[in-house]
Amino acid sequence: MARVLTVTLNPALDLTVRMPSLRLGEVNRSDSLQVHAAGKGLNVAQVLADLGHQLTVTGFLGEGNPQAFEQLFAARGFADAFVRVAGDTRSNIKLAEAGGQVTDINGRGLDVAAEQRSELLARLERLVPGHDLVVVAGSLPRGIEVPWFVELLQRLKALGARVALDTSGAALREGLAASPWLIKPNEEELGEARGVELAGSNALAVEAEALRREGIEHVVISQGAEGVSWFSPSGALHARPPKVQVVSTVGAGDSLLAGMLHGLLEGWPAERTLAHATAIAAQAVGQVGFGITDRAQLAELETATRLEPLSQ
């Protein structure tokens, strides 16, 4: 299996509150509360670990409340290369209704100083040569400006890393210019970053092929319940997931990304890679938390996933 480095610049403690429905302005009662050490890169790392890969995790972590993260790293066998920053890692509240709708209340990220930014770049110089792939995922905390983020991506490429990028907003818009090896935005995020309307498969195909001409080898576009479209050197495919009982959509995109990376790292055929990744994402929406929990169910979901070629 591969050695993978994930970079999570803005991790969070996810507090997921499950409830029948959210009534604004009223007293609401929860069914359960679960707390997870999270952040997009860490979510991807957990699924990749379940798939058998060795993980090193880095980014910025608050000195004030590292316990849940350090427990996760120990339990999962992650090599901890996070740079510690004064203060507490943020908390994000996820209000998950029985019908599958999730309301996010995201906290502010850590305030990262120039010294800590330099320390992360120095650590990446040492870490990257020992890894097969680098995943950069999630939002930017305070103190991280988009030009610095683009410099980080460019440095990773200069070190010879294959970079998988999953972010949004200005970080995605400017990060595309660094031509990462793989991107995985959702349809809305990509449309916003490119300033185009992406309704319809033809519009997706046109934009994806433009990105591939700009040097991005794999363009993976998640489309919620409609599935995922993948544009790569071997062609274009769309996967439609089976219907599942939705518990929470939190982490579904991260699970999809991990599944795609696993298939690519293993050298699987495109059809197997996409079907397996789509099944992992479908399983993810049926649970709270991250990781592959039921191998037999996953196999059933993969069998029920429908693939079709896309015109380019």
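Predicted model: local features only at pLDDT ≥ 70, side-chain atom pairs only at ≥ 80, totals over all residues.
**Entry 1: helices α3 and α4**

I looked up how α3, residues 114–127, lies against α4, residues 146–158. The two pack at an angle of about 15 degrees, and their axes are 11 Å apart. Angles under 35 degrees count as roughly parallel, and I therefore noted α3 and α4 as roughly parallel to each other. The crossing of α3 over α4 is right-handed.

Next I listed the residues that meet. From α3 I wrote down Arg117, Leu120, Leu121, Leu124 and Glu125. Their counterparts in α4 are Trp148, Glu151, Leu152, Arg155 and Leu156. Sorted by class, this contact has six nonpolar and four charged residues, with no polar ones.

**Entry 2: the open sheet**

I then traced a sheet of four strands. Its order is β3-β2-β7-β8, it is open, and the pairing is mixed. Which strands stand at the edges? I found β3 (32–38) and β8 (102–106) there. Each has a single partner strand, so one side of each is left without a neighbour in the sheet. On average, neighbouring strands are turned by 20 degrees against each other, direction ignored.

I checked the pairing of β2 with β3 in detail. Strand β2 covers residues 12–19 and runs antiparallel to β3, with seven bridges between them. As one example, Thr16 has Gln34 of β3 as its bridge partner. Helix α2, residues 67–76, packs on this sheet and touches β2 and β3. The direction of α2 makes about 70 degrees with that of β3.

Is β14, residues 235–240, largely enclosed or left open? I noted that five of its six residues are buried, so β14 is largely enclosed by the rest of the structure.

I looked at β13 as a partner of β14. Strand β13 spans residues 228–232 and is joined to β14 by five bridges, the two running antiparallel. The link between them is a hairpin through two residues. Ser232 has Gly235 in β14 as its bridge partner.

I also looked at β15, residues 306–309. Four bridges join β14 to β15, and this pairing is antiparallel as well. Here I recorded Ala239 opposite Leu307 of β15.

Note on methods:
Residues numbered from 1 in each chain as written. Heavy atoms only, no water. Axes fitted to C-alpha atoms, helices over the stretch in contact; angles between N-to-C directions. Parallel < 35°, antiparallel > 145°, perpendicular 65-115°, else oblique. Left-handed = near helix turned anticlockwise from the far one by under 90°. Contact = heavy atoms within 4.5 Å. Nonpolar A, V, L, I, M, F, W, Y, C, P; charged D, E, K, R; others polar. Pairing = 2+ DSSP bridges. Buried < 20%, exposed > 50% of the residue type's maximum accessible area, 1.4 Å probe, protein only.
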